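Dear colleague,

I am passing on the structure we spoke about, and I would be glad if you could look through it alongside the notes below.

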Amino acid sequence: RQVVPWEHTILYEAHVKGFTMRHPQVDEKVRGTYAGFGTKAVVDYIKSLGVTSVELLPVHTFLDDSHLLEKGLRNYWGYNSIGFFAPDPRYASDVANSLREFKEMVACFHEAGLEVILDVVYNHTAEGNEMGPTLSFKGIDNASYYRLLPDDPRHYINDTGTGNTLNLSHPRVLQMVTDSLRYW
């Protein structure tokens, strides 16, 4: 693992899929994937820029919002997390081995002396508001995981503009977030 003092950090922010989709030196079979992002050509190019660290846009497992799907669109950026302990399988060339592929990509950057930083989303989830799907946290303990209106607990506090706000003042929710940070 590479640790660069903050005052010496020079970041290069990238989207795993977007960066590799049209990269001429990434084999078409692995474009858009962790395997493609971890190729020597990509790692060498990023290192040649003189940066110390690559920051990956969200890679936690995320979902496509229903309002996007209804329009035939997808959530390209990944800012709609639902799995805080899993890399999104849509960025894997081998879905069954998504985690291994992710770890191998990170190892390639570390071997080149580059730090890997993740852009993470812990303020809301893909479950949305009271009309959204029950996928995980709503079904486990809705009142603990989400901030609800005190006088109308059927409805969610929506500080994030996405339909819900995680209740980080609850010890189990805070533990989940800190466990996720330690895990990654």
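Predicted model: local features only at pLDDT ≥ 70, side-chain atom pairs only at ≥ 80, totals over all residues.

Residues are numbered from 1 along each chain as its sequence is written, and side-chain values use heavy atoms, with hydrogens and water left out.

The protein chain has seven helices and seven strands, taken as DSSP runs (H or I, at least four residues, for helices; E, at least two, for strands) and numbered from the N terminus. Of its 184 residues, 43% count as buried, that is, under 20% relative accessible area, with exposed meaning over 50% and partly exposed in between (1.4 Å probe, protein chains only).

Strand 2 (residues 53-56) pairs with two other strands, where pairing requires at least two DSSP bridges: strand 1 (residues 11-14) runs parallel to strand 2 and is joined to it by four bridges, and strand 5 (residues 115-118) is likewise parallel to strand 2, again over four bridges. V54 is the bridge partner of Y12 and stands opposite V116 in strand 5. Within strand 2, V54 and L56 point one way and S53 and E55 the other, and all are buried.

W77 lies in the loop between helix 4 (66-69) and strand 4 (81-87), and W77 counts as partly exposed because its relative accessibility is 45%.

Best regards
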